[in-house]
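Let's take a walk through this structure together, from charged pairs to nonpolar cores. Have your viewer ready, and keep the sequence alongside.

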Amino acid sequence: MTIGMRISIRKETNRKVEEVLEGIAYRIDNTLLGVEQAAHIIKGDIPNHLENSPKLLQLCHETIKANPDICGCAIALNPDYYTVDNKPFMAYMYKSGETLVRSETFTSRLYTEQEWYTKPLLEGVPSWVGPLKNEETEAEPIISYDVPILDNGRTVAVLGVDVSLGVLTGIAQNYKKTTHSYITILDDDGSYIVHPDSTKLFHMDSMSFFREAEDPAIMGAIREMVAGKSGKKSFTLDATSYYVAYMPYRPSPLPGRQIESLGWSIAVIYPQDELIRRYDSGFGDSIFIIIAGILLLLAGGMAVAHIYLKPLRKLTYITRNIAGGNYLSPVRETSSTDEVGRLQALFRMMQESVSDHMGRLMDLSRKEVSRREDLDVTYAKTKEAEKYRSAFFSRMTHQMADVTTDIQADVDRLNESGGVMNENERKHILNSIERNGLKVTEILADMLSAKNREMHAETD
């Protein structure tokens, strides 16, 4: 593959990778925005039912049912505001398969010690927290959208809405373009939010996994991702060359939306050999199509030239017969009105005229032979006339041969051009053939006129 082709492939790859990154960011943003809107809808009903625990559980149930991306919902009350049996109260439900499960706690720790509750309580604004992993989740890694609930300016509860990281993984997998490529999303601490191997979402971050990597470009890419930068790099891992492109995920700025940045970074990784094979195949197919197209074009051109030049080949054959003295060779009629058709019509008129007059000449010759014995008196004049006639026709035939030779040369040029001659050259040659055809007609007319004068002289 040429250098120019490789440059074009790299540009095309960069464009498609950017489309993939933007598509993933757009889909994730839509998903998170839907969860945020569902949380804010249910948030308005919570202050009216803070001391009604069955109603709070019902609100959790409705929240999970309202959005398929939500896998859990918790309404945790501020212990300073409300307790049950002197214990902090939380209404919490989560999905277990297709079943909604009620739970009084979120893992083994009190919710008052967990970040999803303490962060919005302290900051007083909605925020995304997570990913929550390991012992902090019921069954799978999650992220949580947490909204403080205010009553008379005081934070009295926190609404937490959970989204499984499997939802984000599914979005990323939908944008996977090749067999061995993969897509990952990192948090601002270098931990995985999305990884093709879900087990790596537990107990591992990208920094520790790649710290001993053979190619320092890997750690460079991870550091830039953690720093929220965009970029593209090539690196080697396990003797395989990869190409990675990454960009930070930033929530869309919308009226009333208070989320500015989550610190996430999206990356798309392709094995470079897979990219080259993919375009090599397309390059080979393109070459095959081009060659096949050229061959078909040549075959079509030859077929058109064969059909178009068929009348000219016939005229060439007739011209050679006339040049050889076979004046009785038939010329077919034609309905064509182009230059070749008009030339064929002229040749037909010439052939008919020549045939008629040559028939008469042959009749006169026979009569001369039959009357020769009776014309001894006029022998001298007849002999002289015969010499004159022979000299005249010899000269005329020579002139006609020159003209017909020119016609044959023009026809050969048309025949040898293969149909690729431009229109001006073709018209010039056809006009030359037409002029020479008229000359042949004029020569034959002169021959006939001379013969007629001779016949009139003998009659007188």
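Is Arg15 buried, partly exposed or exposed? At 37% relative accessibility, Arg15 counts as partly exposed, where buried means under 20% relative accessible area, exposed over 50%, and partly exposed in between (1.4 Å probe, protein chains only). A word on ground rules: this is a predicted model, in which local features need pLDDT of at least 70 and side-chain atom pairs count only at pLDDT 80 or more, while totals for chains, interfaces and linings use all residues. Residues are numbered from 1 along each chain as its sequence is written, and side-chain values use heavy atoms, with hydrogens and water left out.

Arg15 has a charged partner, Glu19, and the two form a salt bridge whose closest N and O atoms are 2.5 Å apart. The term stands for a side-chain nitrogen of Lys or Arg within 4 Å of a carboxyl oxygen of Asp or Glu. Side chains of opposite charge can pair when their charged atoms come close. Both Arg15 and Glu19 belong to helix H1 (residues 3–43), where they sit four residues apart, about one turn of the helix. Helices (H or I, at least four residues) and strands (E, at least two) are DSSP runs, numbered from the N terminus. An α-helix has 3.6 residues a turn, so residues three or four places apart point the same way. Glu19, too, is partly exposed, with a relative accessible area of 43%.

In total, the salt-bridge rule gives a count of five. Another of them joins Glu18 and Lys232, at 3.2 Å from N to O. This pair links distant parts of the chain, with Glu18 in helix H1 and Lys232 in strand E11 (residues 231–237), 214 residues apart. Glu18 is partly exposed at 36% relative accessibility, and Lys232 is partly exposed at 39%.

What about Glu36 and its partner? Glu36 forms a salt bridge with Arg257, and their closest N and O atoms are 2.9 Å apart. Arg257 lies in the loop between strand E12 (240–248) and strand E13 (265–271) while Glu36 is in helix H1, so the pair ties together parts that are 221 residues apart in sequence. Here the side chains are covered: Arg257 is buried with a relative accessible area of 14%, and Glu36 is buried with 3%.

Now for the nonpolar interior. A nonpolar core is a set of buried Ala, Val, Leu, Ile, Met, Phe, Trp, Tyr and Cys residues joined through side-chain atoms within 4.5 Å. Of the 55 residues in the largest core, Ile28, Ile75, Trp128, Leu159, Leu168 and Trp264 touch the most other members. Helix H1 gives the most to this core, with 11 residues. Apart from this core lies another, of 20 residues, including Leu343, Phe392, Met396 and Met400.

Ile143 lies in strand E7 (residues 142–151) and is buried, at 1% relative accessibility. Its C-alpha atom is separated by 5.9 Å from that of Val129, 14 residues apart along the chain. Leaving out residues up to four places away in sequence, the contacts of Ile143 (heavy atoms within 4.5 Å) include Leu32, Trp128, Leu168 and Trp264.

Back in strand E11, have a look at Lys233. Lys233 is partly exposed, with a relative accessible area of 25%. Among the residues it touches beyond four places in sequence are Ala217, Gly220, Ala221 and Glu224, together with Tyr242 and Tyr243. Lys233 and Ile218 are 15 residues apart in sequence and 8.5 Å apart in space, C-alpha to C-alpha. In helix H6 (residues 216–226), Ile218, Met219, Ala221, Ile222 and Met225 are buried. Seen down the axis of H6, the buried residues fall within an arc of 160 degrees (taken from the directions from the helix axis to the C-beta atoms), so they line one face of the helix. Just after H6, Gly228 takes a positive phi of about 80 degrees.
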